[in-house]
Amino acid sequence: MQQYFIKGKAEKRLRVTDKDTIKHMFQVMRLTDEAELILIFDDGIKYLAKVSDSVTHELEILKALTDNVELPVDVTIASGFPKGDKLEFIAQKVTELGAKALWGYPADWSVVKWDGKKLAKKEDKLGKIVLGAAEQSKRNKVPDVKLFGQKADFLEALVSFDSIFVAYEETAKAGELATLAHELGQVKSGAKILFIFGPEGGISPSEIKSFETAGAIKVGLGPRILRTETAPLYVLSAISYALELNQ
């Protein structure tokens, strides 16, 4: 069954006004009168609805559903700006795996340099990607996307988390394999967690110091060295296993 995110509060009867949503519902998917679908509003609750008029794009909510597929913790993925379209790939996959938010920051060893105009364009593109991925994976919420133009602003934002972890290549090389599993065992439901990843070149020593000053814990991600676009997927899979499947 098709699922769509609608901005605002749930109403018994409503008219779809977003052009992209209208196009997908009635042109791409060709929904007709009486066709049923799932709607999600700002409250994150899924509602069973039906098309009452496909010409005027009017819908009717039939009932609220109890389905909730969100992770039991709020996980933000912060990636140092990577090359090419890797951030687009990361955005899609971390959405499918349950991330609450995706952040990007200008790491010391990031090759790409994005100015304010390009950041805004990139952020808008990523927003569309996570929306589509959230609909496809039947999420209850669409992840937030934020790209920081200045690292200082990124560092200031670290105070809003209960736990901060840094995926550090040197930690993995040193043979540290237990910290991530141990820390996930201590996480409480509803906690706000941040995982920081470097770009292709990794995280610089000065960045590690800054992150540790903010309370971050260095963790290894197994015995193999992962690419910047692979590491977030490993972490979210580990979180799902530890907090959803292994209960």
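Six strands form an open sheet in the order β8-β7-β6-β10-β9-β11, and their pairing is parallel. The edges of this sheet are β8 and β11 (217–219), each of which pairs on one side only. From one strand to the next, the twist averages 20 degrees. The model is a predicted one.

Look next inside the sheet. Strand β9 covers residues 163–167 and strand β10 covers residues 192–197. The two pair in the parallel sense over four bridges. Phe 165 stands opposite Phe 195 in β10. As a general point, strands of a sheet pair through backbone hydrogen bonds, either parallel or antiparallel.

Now turn to helix α1. Its buried residues are Thr 21, Ile 22, Met 25 and Phe 26. They lie on the same side of α1 because they cover an arc of only 100 degrees around the axis. An α-helix has 3.6 residues a turn, so residues three or four places apart point the same way. Lys 19 and Asp 20 are exposed on the other side of α1. Buried here means under 20% relative accessible area, and exposed means over 50%.

Rolling a probe the size of a water molecule over the atoms shows where empty space is left. The largest pocket has a volume of about 940 Å³. Its lining counts 31 residues. Nearest the centre of this pocket lie Phe 5, Lys 7, Asp 18, Thr 21 and Leu 131.

Which elements supply at least two residues each to the lining of the largest pocket? They are β1 (3–5), β2 (13–15), α1 (19–28), α3 (116–136) and β8 (144–147). Helix α3 gives the largest share, six residues. Strand β8, an edge of the sheet, is among the contributors. By class, the lining of the largest pocket holds eleven nonpolar, seven polar and 13 charged residues.

The second largest pocket has a volume of about 420 Å³. It is lined by 24 residues. Ala 167, Glu 169, Gly 202, Ile 225 and Leu 226 lie nearest the centre of this pocket. Ala 167 falls within the residue range of β9, 163–167. Helix α5 (residues 169–173) gives the most to the lining of the second largest pocket, with three residues. That lining divides into twelve nonpolar, five polar and seven charged residues.

Methods
Residues numbered from 1 in each chain as written. Predicted model: local features only at pLDDT ≥ 70, side-chain atom pairs only at ≥ 80, totals over all residues. Heavy atoms only, no water. 1 Å grid on protein atoms, 1.4 Å probe; cavity = no way out; pocket = protein on both sides within 12 Å on 5 of 7 lines; lining within 4 Å. Points joined across faces, edges and corners; volume = space filled by probe spheres on them. Nonpolar A, V, L, I, M, F, W, Y, C, P; charged D, E, K, R; others polar. Pairing = 2+ DSSP bridges. Axes fitted to C-alpha atoms, helices over the stretch in contact; angles between N-to-C directions. Buried < 20%, exposed > 50% of the residue type's maximum accessible area, 1.4 Å probe, protein only. Arc of directions from axis to C-beta.
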